[in-house]
Amino acid sequence: MARDGVIIDNFQGGINNVADPSLIATNEVAKATNVVLSSTGKFISRPPFDVVAAYPEAVATQTPNFLGYWRNEDGVTYAVIAFTATTWICRLDTYVWTQVWAQAAADMTSYLNRLYLVNPSTTGGYWSKVGAYTWTSVAAIPPANNIQYSRGRLYVSSRLNGELSTIRYSNIDSPTLETTINQFPAENFIIVNEGDGELLIKITEGNGELFLFRSNSTWRLGFSASADPIQGILTQLSSTIGIDNVNCVQDAGNFLAVLHAGVLYQFAGYNFYPLNDYTKLRFEAPSTADTGYTFVSNISTAVSVLGKYVLVYYHGSMYCYDVDFRIWTEFISYTRAAHIVEAPRGTFLASSQVVTGYGIHDSITGIPGQTNGLIKFALEYPETATPIETIKCLIATRAYDIGEPAKFKRLFGWEVVAVAVNSLTGSITPIDKLESSTVTWNGWLSASKTWNNLATEAISWNTAQPTITNVVTGLPATNPVPFVVKIGGKRTFKRAYFTVEFSNDGTAATSPSRLDSLILYMTTGRKMIGQAQ
């Protein structure tokens, strides 16, 4: 008698880690690690993280803080990174490092070919090319945690002298006297609801306005281009939503990605829209016993944006939100990537790497050939002869009972349609929870029990079964094509979930790996099953 296959090939719901695996939608999965959704609705392996530039020897063991990018009028782009006591720039076309300030900058902005930097305990200044690249200290720039250029002025905020939520701003730039922007008169300040115990964490420029993100609230400062900011309108946009830290707000093109208290928000049109609402995905910190997760000492939470992907780092875990498909997957990387900032578009146009981001990590241990350094994450699979990163992909399905939870199913075998290299692992895990009897045959007979006693005493036998795992080897080492992998393992179950694992090294020769579908050959009772419920 022929057996029809139950085909599982729709993964467009992404992860649901909130509901019970047997209750999630048919197009959702319980786990989706190191994969993203392709335009055809199939899971493909993510691009690699790559450590491309070791930190300078003088700061190789120090904790870094990625501040952003600076591009001079010559078009060269630099990554700006602060360490424990100094600030450096890394030229992205040559990966040459230069120390620009003998202080650890807390924030940066750029204006008029100048890289402005501030520190919370000393006056700031700027790095620029005046005959030669030099650092210029500006005594008028106050100690600050934040700095932002907008509409001819510099805006800073600090936490000195108990001023937890005060903005100071410079004079407006004069076309004939460039130094006016470096002047901060004492009367140029704005207090944002001072005294409520909240910190002003981040100043971000909007469309002709400033957004002020605090510990548990968000404000807008709006004013005309020629007006003094003190004459502007200060409006509270939310009394409950702010940001966790300075790394928790990123520009995503037509909205701001904002992370606060375990929820990622889409901030658009002065409103906050939750993208994980506790009904489908909950950010979870992994156990310290979990391997592969990215525990970073100086970053607890962060949000990154790269193309259509928003990455959320949450106490060691990293989740990926696809803006187009509106689904979640999860990333794990031994490179300890935690915070990625997209480089200005066109920086790598010559190499066709249109969407590229950089980030930092503070330590890698036990990884041969790896070192502390600048991490690159591009939406591509590079042509290179050496492996970049071992990307281990794992997809765990929902729990299937084929619409008949009370009946046992008989699995005769299953197949995976995939693109993978070297090997692929398939597992089936029954999740039946049946009471087991401690009665042995000898005990049963010595107690003079009969078969009638079996029915009246409701004794059930232990039918719980362990996971069956099959590793299929002999797959091509490079340039894989779609193929059908036959997975063995007969199994009887009421409910079970299936897991597929494969890996690659992130290069174009082995990537991307892809999962197209699972095909289950089974029956329930005497009735054939042809479709999943």
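A residue counts as buried under 20% relative accessible area and as exposed over 50%, with partly exposed in between. In this predicted model, W135 has a relative accessible area of 24%, so this tryptophan is partly exposed. W101 comes out at 7% and is therefore buried.

These two tryptophans go together. W101 and W135 make an aromatic pair of the stacked kind, with ring centres 4.8 Å apart and 25° between the planes. The planes fall under the 30 degrees that stacking asks for, which is why the pair gets that label.

Strand β14 itself is part of an open sheet of four strands, running in the order β11-β12-β13-β14 with antiparallel pairing. At the edges sit β11 (107-111) and β14 (132-137); each has a single partner strand, so one side of each has no neighbour in the sheet. On average, neighbouring strands here are turned by 20° against each other, direction ignored. For β14, pairing with β13 (residues 122-130) is antiparallel and runs over six bridges. Within β14, T136 is the bridge partner of Y126.

Back to the rings: the model has 26 aromatic pairs in total. Elsewhere, one aromatic cluster is made up of F211, F213, Y265, F267, Y270 and F272. R151 lies over the face of F223, 5.0 Å from the ring centre, and R398 lies over that of Y400, at 5.2 Å.

Methods. Residues numbered from 1 in each chain as written. Predicted model: local features only at pLDDT ≥ 70, side-chain atom pairs only at ≥ 80, totals over all residues. Heavy atoms only, no water. Pairing = 2+ DSSP bridges. Helix = DSSP H or I, 4+ residues; strand = E, 2+ residues; numbered from the N terminus. Axes fitted to C-alpha atoms, helices over the stretch in contact; angles between N-to-C directions. Phe/Tyr/Trp six-rings, centres within 6.5 Å; stacked < 30°, edge-to-face > 60°. Buried < 20%, exposed > 50% of the residue type's maximum accessible area, 1.4 Å probe, protein only. Lys NZ or Arg CZ within 6 Å of the ring centre and 35° of its normal.
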